[in-house]
Amino acid sequence: MFEESWLEWAVFAAVVGIALLVDLLVANRGDREPRFRAALAWSCVWISTALAFNGFVYWRLGLEPAVNFFTAYLVEESLSIDNLFVFLAIFGYFRIPASYQRRVLFWGVLTAIILRGLFIFGGTMLLKYFHWMFYVFGLFLIFTAWKLLRSHDEEVDPGKNPLIRFAQKHFRFTSELHGHAFFVKEAGRWSATPLVLVLIAIEFTDVLFATDSVPAVLGISDDVFIIYSSNIFAILGLRSLYFVLAKLLVQIRFLNYGLAGVLAFIGLKMTLSDFFHVPVLASLGVIGGLLAVSVIASLVVAHRHPAPTPPQANGEAATPPPVLP
């Protein structure tokens with residue numbers, strides 16, 4: 001759709017590579033427990049980086065690609081926030097201290113960068129060669145919006161994850177953590193630590209999440225560069241954002257309704273794409289408006305009627321820890 005050159009991809013790769021190095025070597029060095037203010041500051045850094053790259057997209061490609069990038073980034077970041085509820089449940093279930101959660105999330109981000117590329121490339125190829133897939137993706141998003149509304153109060157049980165059950169049955173695991181190590185050698189044999197199970201659960205969640213988020217951004221643009229870069233910039237800041245929102249998620253209790261509205265809107269936009277064209281700025285206005293209303297309503301209600309304290313990011317949980325073989 002747009003005419004990217006090697007320069008746009010090279011700049012994107014360079015920025016992402018530098019961001020990962022900074023995140024690993026500076027922002028989250030060591031095993032100390034993340035502090036709220038530091039996590040908030042780094043979240044602002046990653047959001048500012050995404051916005052700066054958005055400016056680069058505007059400079060190189062023009063207004064429409066830049067608006068599509070920002071819209072896709074906004075959708076992906078918002079859906080990622082909702083996904084953090086699941087991360088909280090996973091870390092709480094396995095009782096993983098906050099000082100080790102960062103390491104799991106870092107490797108989760110690296111894997112997500114690869115998986116999202118595969119999902120996005122596959123999705124764009126389907127839409128390119130099979131136009132009727134627009135209707136399939138659109139109806140799927142509408143169904144997802146309905147499911148999101150119905151599943152708002154459902155509890156997540158990582159112990160029922162089929163991949164975790166398979167791993168526990170076929171591989172050796174230690175019964176307790178060994179620092180931030182994923183594998184340790186005991187009695188001359190290598191064993192995986194519970195952090196591996198947590199990483200499996202995180203990656204499984206991200207794959208399920210991608211089945212919702214990738215069709216959503218495909219409804220915004222059909223350009224691989226715009227979709228992939230906006231996805232990756234949203235994912236890059238997810239680790240710092242997790243430690244910020246772990247203490248604030250309870251304040252945005254109506255976010256699900258806003259996200260359901262966004263998914264339903266994009267779904268309708270895709271199913272009606274042959275009959276009605278929604279301008280990019282109008283799409284941004286609708287999506288931004290739905291999210292803003294849900295957040296503002298949440299903050300107003302939270303101020304008047306405080307909700308119970310949510311699960312903490314330090315790994316504490318009301319459920320007993322899983323029994324490992």
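Here is a short chat about a predicted model, going from its overall fold to its salt bridges, its cavity and a surface patch.

Colleague: Happy to look at this with you! Which order do the elements of the protein run in from the N terminus on?

Modeller: First, the ground rules: this is a predicted model, where local features need pLDDT of at least 70 and side-chain atom pairs count only at pLDDT 80 or more, while totals for chains, interfaces and linings use all residues. Residues are numbered from 1 along each chain as its sequence is written, and side-chain values use heavy atoms, with hydrogens and water left out. Helices (H or I, at least four residues) and strands (E, at least two) are DSSP runs, numbered from the N terminus. There are 11 helices and two strands, and the order is α-α-α-α-α-α-β-β-α-α-α-α-α.

Colleague: Thanks! Is Glu 8, the salt-bridge partner of Arg 60, buried or exposed?

Modeller: A salt bridge here is a side-chain nitrogen of Lys or Arg within 4 Å of a carboxyl oxygen of Asp or Glu, and the closest N and O atoms of Arg 60 and Glu 8 are 2.4 Å apart. Buried means under 20% relative accessible area, exposed over 50% and partly exposed in between (1.4 Å probe, protein chains only). Arg 60 is partly exposed at 35%, whereas Glu 8, at 1%, is buried.

Colleague: Nice. Which helices does the pair Arg 116 and Glu 76 tie together?

Modeller: Their side chains meet in a salt bridge at 2.6 Å, N to O. The partners are 40 residues apart in sequence, so the pair ties together helix 4 and helix 3 (residues 63–94).

Colleague: And which element gives the most to the lining of the largest cavity?

Modeller: A cavity is a set of points on a 1 Å grid over the protein atoms alone where a 1.4 Å probe fits but cannot get out, and lining residues have an atom within 4 Å of a point. The largest cavity holds about 100 Å³ of space, and its lining includes Phe 87, Leu 105 and Asp 206. Helix 4 (98–129), helix 7 (194–218) and helix 9 (238–245) each give two or more residues. With four residues, the top contributor is helix 4.

Colleague: Lastly, where is Trp 132 of the nonpolar surface patch found?

Modeller: Trp 132 makes this patch of about 510 Å² together with Leu 126, Tyr 129, Phe 130 and Val 136. Its relative accessible area is 49%, so Trp 132 is partly exposed. Trp 132 sits in the loop between helix 4 and helix 5 (133–150).

Notes:
1 Å grid on protein atoms, 1.4 Å probe; cavity = no way out; pocket = protein on both sides within 12 Å on 5 of 7 lines; lining within 4 Å. Points joined across faces, edges and corners; volume = space filled by probe spheres on them. Patch = residues over 30% accessible without salt bridge, like charges linked within 9 Å, V, L, I, M, F, W, Y side chains within 5 Å. Areas by Shrake-Rupley, 256 points an atom, 1.4 Å probe, with all protein chains shown as cover.
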